[in-house]
Amino acid sequence: MLPLEALLDVIATSAASALAVGGIGLAVLRLVRARPVAVQMAVVAVATVSAIVAGIVAITLRMFISSHDRDVALTVVAVAGLVGLGVAILLGRRLAHANQALVTAVRAESFTMPERVLPAELAELSRELDAAYTRLEAAHAREKALESSRRELVAWVSHDLRTPLAGLRAMAEALEDEVVVDAETVHRYHGRIRVEVDRLAEMVDDLFELSRIHSGTLRLSRQRVGLDDLVAEVVAGAEPLARAKGVRVHGEAARGLPLEVDTAELGRALRNLVTNAIRHTPSDGSIEIIGEAGDGKALVSVADGCGGIPADDLPRVFDVAFRGESARTPGAGGAGLGLAIARGIVEAHSGEIAVANTGPGCRFTIELPLGGDQPPRGSLSAR
């Protein structure tokens, strides 16, 4: 065993030579930091072997080891160093090929994860890129769909605006030029102008609401409310329109079923569903509104007697400006924004809305998170 003084001398000598060679290796690595990984790994291998050789040479000179023993040690280190250098170059080339495969996949029109086996870090990067490209494709598809719906909305609303404006202009000019002078016709024109103005105001209000939903500026003022009270208000508000159409509206909901919602906004969504149901239900038909608890959620359904929705149209029912008809006649029923607004309001409340054909018509269903303890199931209050 070496004496302590000799051991400390060996440590100091080997450390000094290794640090000197390591410093040179770091400087070289800095110079080649932009070169391929194989070159940098070769530099690391050469620096490691050089540090060992420098340490052995320094020790042999300090300890007066025979030249034969020194040559043997240096030969062993040189052979091991060459093997290490070869392994480093092969590993570097493998990394370079794996990186090139990943780069080729990224440059392709549609990213597909490379089939070859990648190192763990590159494999993780490949998975993250695949997930990112999937999200980008979904976002691009949504953007294209939104842009298409915007174009369709502009075209349809422009038509719907031109029609009442043309009628308003004709009636205003007739009144201004005194083409009509009898009191009955003048009164009828005034009434029609009021109807068209109200229709335009409603359309502008719908457009403003839809723009708030799409821009993310819709702010909800939540408060605790019972679903039965909300259903009762919607039924009461729809009664005049239903009576004029000759349609019966019936609503019932579980007593005290609590919700944390913006009553004005959610009430608007429900009114849009009920108004849509009244519009498409023939005279002497009926509409049923049911509110209940199920699977830890509040469920509200609006069933009508519209005769059903074509299967091809079901996925588009909540699209902006979709009305399921080609006719664009005045009074055909809004600008086709009511259901799109209802979906936006429901989703803003972290809920879901769906439609399905059932019985003599279709059923719109809203699912909302409950705002408190549920009442016993089946406890419905008629409205």
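**Strand pairing and a pocket**

Mentor: Strand 2 and strand 4 (residues 286–294) run parallel to each other, paired over 6 bridges. Keep in mind that this is a predicted model.

Trainee: Okay, so which residue in strand 4 is the bridge partner of His-250?

Mentor: Strand 2 spans residues 248–254, and strand 4 spans residues 286–294. Look across from His-250 into strand 4, and the bridge partner there is Glu-288.

Trainee: How many residues of strand 2 are buried?

Mentor: Buried here means under 20% relative accessible area. Strand 2 has 7 residues and is mostly covered. The number buried is 5.

Trainee: Now the second largest pocket: which helix gives the largest share of its lining?

Mentor: That pocket has a volume of about 310 Å³. It's lined by 13 residues, and the closest to its centre are Arg-142, Ala-145, Leu-146, Ser-149 and Arg-343. The largest share, 8 residues, comes from helix 4 (residues 120–176).

Trainee: And how many charged residues are in the lining of the second largest pocket?

Mentor: Asp, Glu, Lys and Arg count as charged. Sort the lining by class and you get 4 nonpolar and 3 polar residues. The charged count is 6.

Conventions
Residues are numbered from 1 along each chain as its sequence is written. This is a predicted model: local features need pLDDT of at least 70, side-chain atom pairs count only at pLDDT 80 or more; totals for chains, interfaces and linings use all residues. Side-chain values use heavy atoms; hydrogens and water are left out. On a 1 Å grid over the protein atoms alone, a cavity is a set of points where a 1.4 Å probe fits but cannot get out, and a pocket is an open set with protein on both sides within 12 Å along at least five of seven lines; lining residues have an atom within 4 Å of a point. Grid points are joined across faces, edges and corners, and a volume is the space filled by probe spheres set on the points. Helices (H or I, at least four residues) and strands (E, at least two) are DSSP runs, numbered from the N terminus. Buried means under 20% relative accessible area, exposed over 50%, partly exposed in between (1.4 Å probe, protein chains only). Two strands pair if DSSP finds at least two bridges between them.
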